[in-house]
Structures are given as structure tokens and as C-alpha cells.
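Please keep the sequence and the model in view while reading.

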Amino acid sequence: MPFAIVRNDIVNMQTDAVVNTANPEPLIGVGVDSRLHQKAGRRLLEARQKIGKIAVGEAAVTKGYGLSAKYVIHTVGPAWQDGSHGEEQLLASCYENALKLAKQQGCTSVAFPLIATGHYGFPKPLALQVAIRAFSTFLLENEMQIYLVVYDKESFVLSEKLFQSVNSYIDENYISMQVRQQRRERNLFGAVGAPRQMGKINRPESSLHMESAMCEDAAVDFEAPVCSAAPATDWSSLLKDLDEGFSVTLLQLIDRTGKKDSEIYKKANVDRKLFSKIRNNPDYKPSKSTALAFAFALELDLQETKDFIARAGFALSRSSKFDVIVEYFLVNGNYDLFELNEVLFAFDQPLIGA
């Protein structure tokens with residue numbers, strides 16, 4: 001997967017390069033800078049001293065020495081003042097210049113911290129937006145595995161508006177296993193301790209009633225969402241007429257867009273090797289995450305997504321927070337996989353495309 005958010009200490013990342021939030025002077029700073037120097041050893045400081053001063057927004061590279069990473073890319077983030085002193089643009093330059101250096105060094109993987117959000121006080125929700133924007137822009141034109149490494153839960157903060165909106169949708173639509181079990185017991189037994197009267201077994205409506213009662217909790221998973229889905233497009237007719245499996249359907253849908261394969265699999269946050277496996281195997285069975293990633297890349301609506309992932313043997317359920325969050329994005333017509341993954345990570349759910 002080209003982009004992933006992980007909870008770890010960046011000094012332990014086994015990537016080609018790790019990014020250091022460096023002191024502008026060739027001195028050991030605090031936070032990430034201090035931890036990287038401690039693990040890498042004194043040679044890292046010696047190499048950093050040879051570089052000299054690094055301007056805000058710029059980046060420089062050294063070897064990784066005692067780290068698992070081959071390289072350390074040092075970049076200096078902006079100190080937050082009030083947002084009107086070019087802080088956002090300078091932070092974007094940190095990510096852009098670090099990615100450029102990683103590419104020049106032939107790196108296939110790089111790990112970033114959330115730059116400037118510690119001692120420099122950059123607001124975390126805005127810093128996250130800047131990072132995601134830089135990664136998504138870079139990955140549209142380049143092949144590289146990028147990790148955003150979060151040291152602890154407090155280091156990762158969604159915007160309050162987005163968090164509350166998703167949280168409200170989950171509250172309204174998520175059906176916990178406990179509620180499902182209570183409904184199942186209510187359907188089977190009626191009042192507590194009293195078996196439900198099902199009628200005589202030789203009455204046809206009796207068996208129908210029993211089947212309906214047994215399946216009521218499953219039907220709940222597919223009740224109409226609170227938000228209205230976007231109007232159906234001509235994807236619906238195409239999906240309806242196709243009997244092929246996931247792989248063949250995916251390729252036909254890509255052809256229908258008129259876009260290159262690379263545009264779609266990059267938008268789906270899927271790497272080239274995985275897409276090649278799917279393309280060359282008509283019977284390929286993807287993970288649910290991969291199937292949903294392509295649904296988002298193709299910008300299918302909610303019903304079209306259900307039809308599409310069903311070809312891989314999957315469904316969306318109201319008993320899964322992961323599925324409810326995915327549904328939230330679909331019914332709101334938001335196909336930004338990077339933002340979706342931000343939300344999934346914040347709610348401790350697996351990422352799309354992983």
C-alpha cells in the first residue's frame with residue numbers, strides 16, 4: 001500500500017529512509033530529533049554538523065548509521081505563530097523537499113513523523129491536512145511506500161468538525177453485537193422466558209413468520225442510511241448486466257472511465273504489483289479493503305459499491321464500525337481515500353487499501 005498511518009516509534013521503522021524534525025542548527029533538538037540521534041549514535045551528529053544550518057522548509061540527507069533505515073532526511077519545520085506568517089506553506093515544503101530527497105536516493109519506502117506539531121506548536125489537525133495533501137500529490141506521479149508514524153494516540157487529531165460528524169453518524173447507524181443479540185432473543189422468545197407462539201407447523205405462514213423473525217437482525221444491516229445517497233449513474237446498468245467476477249468487472253469499469261490503469265490503482269492507494277496480480281488473474285479474490293479501495297477510486301455510489309464488492313464475496317454491515325464509516329463517506333459522496341484512512345485510524349479501524 002503506497003500510504004499508511006502506523007502507531008510506532010519512528011526510530012524503529014525499517015524503511016529506506018526516516019524523516020527527522022531537525023533543529024535548524026547542527027545541534028540535537030528534542031522529541032524525534034533526540035530519539036533518532038540516541039539510537040543512530042554519534043556519527044549521525046557528526047554528519048549533521050558537516051551539513052551545517054538548514055533553513056525552515058528545507059531538507060538534507062545523511063546515512064542512518066545505527067538506525068534500521070539507510071538514510072535520515074533532516075527537515076526543519078516552522079514554529080507556529082498565528083497562521084499568517086506562511087507556516088502552512090513552509091510545512092508543505094518540508095514534506096515536498098523530504099520526498100524529493102527520498103526519490104533522489106532511490107528510496108522505495110520512507111517514514112514521516114507529523115512534522116512541527118511538538119515543540120514548534122503547529123496545530124495537529126492542520127498539520128495532518130498538510131501532510132496528507134503532500135503525500136497524495138507525490139503518489140499520483142511516483143511509486144513509493146509512505147508511512148505517517150504516530151507515536152501515541154494524542155499525537156493524531158482529526159478536525160473537530162469531521163470527528164463529530166462521523167461520530168454522530170456512527171451513533172445513529174452502528175448496531176452493536178449486544179443490541180443484535182437482544183433483538184434476536186426478542187424475535188425468538190418474545191417476552192423474557194416465554195417462547196414466542198409460532199402457530200401450527202402445517203400453516204405456510206408459520207414458517208414464513210419464523211424465517212422473518214430469525215432474519216430480522218440481518219435485515220437491519222441494510223436499512224436505508226440517514227443521509228441520502230447520491231443519484232445513481234450509468235455504473236448501475238453496467239454492474240447489473242455483468243456476471244463476471246471481481247477482476248473482470250474491475251477492468252471493465254476502469255475501461256469505462258477512459259482513464260489509465262495507473263490513475264485508478266494509485267487513486268485506490270494500491271501498489272502496482274498488487275494491481276498486476278489482479279489484472280492477470282480473472283479469478284483473483286481481493287481482500288475487502290482492496291475491493292473497497294477500487295470502489296472509491298471508481299467513485300461508485302453506495303448501492304453500486306455493495307454490488308461491486310459482492311462480486312468478491314463481501315457486504316457492508318451496520319454491525320461493523322468500519323463498514324459504517326465507509327458508508328458515511330459513500331453517502332456523502334466523499335471519495336478521498338486519504339481522508340477516509342485518517343478517520344479509520346482515528347476510530348481504531350483497519351485502513352482502506354492495506
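Asparagine 269 has 1% relative accessibility and therefore counts as buried, where buried means under 20% relative accessible area, exposed over 50% and partly exposed in between, with a 1.4 Å probe and protein chains only. This asparagine 269 is placed in the loop between helix 10 (261–267) and helix 11 (272–280). Helices (H or I, at least four residues) and strands (E, at least two) are DSSP runs, numbered from the N terminus. Although asparagine 269 is not a glycine, its phi is positive, at about 60°.

The model is predicted, and for that reason local features need pLDDT of at least 70 and side-chain atom pairs count only at pLDDT 80 or more, while totals for chains, interfaces and linings use all residues. Residues are numbered from 1 along each chain as its sequence is written, and side-chain values use heavy atoms, with hydrogens and water left out.

**Overall composition**

The protein chain has 15 helices and 6 strands. Of its 354 residues, 47% count as buried. Among contacts (heavy atoms within 4.5 Å) between residues at least 6 apart in sequence, 69% join residues at least 24 apart.

**The strands**

Strand 4 (residues 71–75) has 4 of its 5 residues buried, so this strand is largely enclosed by the rest of the structure.

| Strand paired with strand 4 | Sense and bridges | Residues opposite each other |
|---|---|---|
| Strand 2 (residues 17–21) | parallel, 5 bridges | asparagine 20 and histidine 74 |

Tyrosine 65 is found in the loop between strand 3 and strand 4. Its phi is near 50°, a positive value in a residue other than glycine. Tyrosine 65 counts as partly exposed because its relative accessibility is 28%.

**Cavity and pocket**

Rolling a probe the size of a water molecule over the atoms shows where empty space is left. On a 1 Å grid over the protein atoms alone, a cavity is a set of points where a 1.4 Å probe fits but cannot get out, and a pocket is an open set with protein on both sides within 12 Å along at least five of seven lines; lining residues have an atom within 4 Å of a point. Grid points are joined across faces, edges and corners, and a volume is the space filled by probe spheres set on the points.

The count comes to 1 cavity of 30 Å³ or more. The largest cavity has a volume of about 60 Å³. Asn269 is one of its lining residues, which also include Pro2, Leu139, Met144, Tyr265 and Asp271. By class, the lining of the largest cavity divides into 5 nonpolar, 2 polar and 3 charged residues. Here Ala, Val, Leu, Ile, Met, Phe, Trp, Tyr, Cys and Pro count as nonpolar, Asp, Glu, Lys and Arg as charged, and the others, Gly among them, as polar.

The largest pocket has a volume of about 540 Å³. It is lined by 25 residues, of which Thr21, Gly31, Val32, Gly118 and His119 are the closest to its centre. Helix 1 (32–40) and strand 6 (145–150) each supply at least two residues of this lining, and helix 1 gives the most, with 3 residues. The lining of the largest pocket has 12 nonpolar, 10 polar and 3 charged residues.

**Contacts towards the end of the chain**

Serine 289 lies in helix 12 (residues 288–297) and counts as buried because its relative accessibility is 12%. The side chain of serine 289 reaches the backbone oxygen of leucine 351 at 3.1 Å. The C-alpha atoms of serine 289 and isoleucine 352 are separated by 4.9 Å, although these residues are 63 residues apart along the chain.

At the start of helix 13, a side-chain oxygen of aspartate 301 reaches to within 3.2 Å of the backbone nitrogen of glutamine 303. The buried residues of helix 13 include Leu302, Glu304, Lys306 and Phe308.

Arginine 318 is placed in the loop between helix 13 (302–310) and helix 14 (321–331), and counts as buried because its relative accessibility is 1%. A polar contact is a pair of N or O atoms within 3.5 Å; within protein, one must be able to donate a hydrogen and the other to accept it, and residues adjacent in sequence count only if both atoms are side-chain atoms. The side chain of arginine 318 makes such a contact with the side chain of asparagine 173 at 3.2 Å, and another with the side chain of glutamate 327 at 2.9 Å.

How values were computed: Two strands pair if DSSP finds at least two bridges between them.
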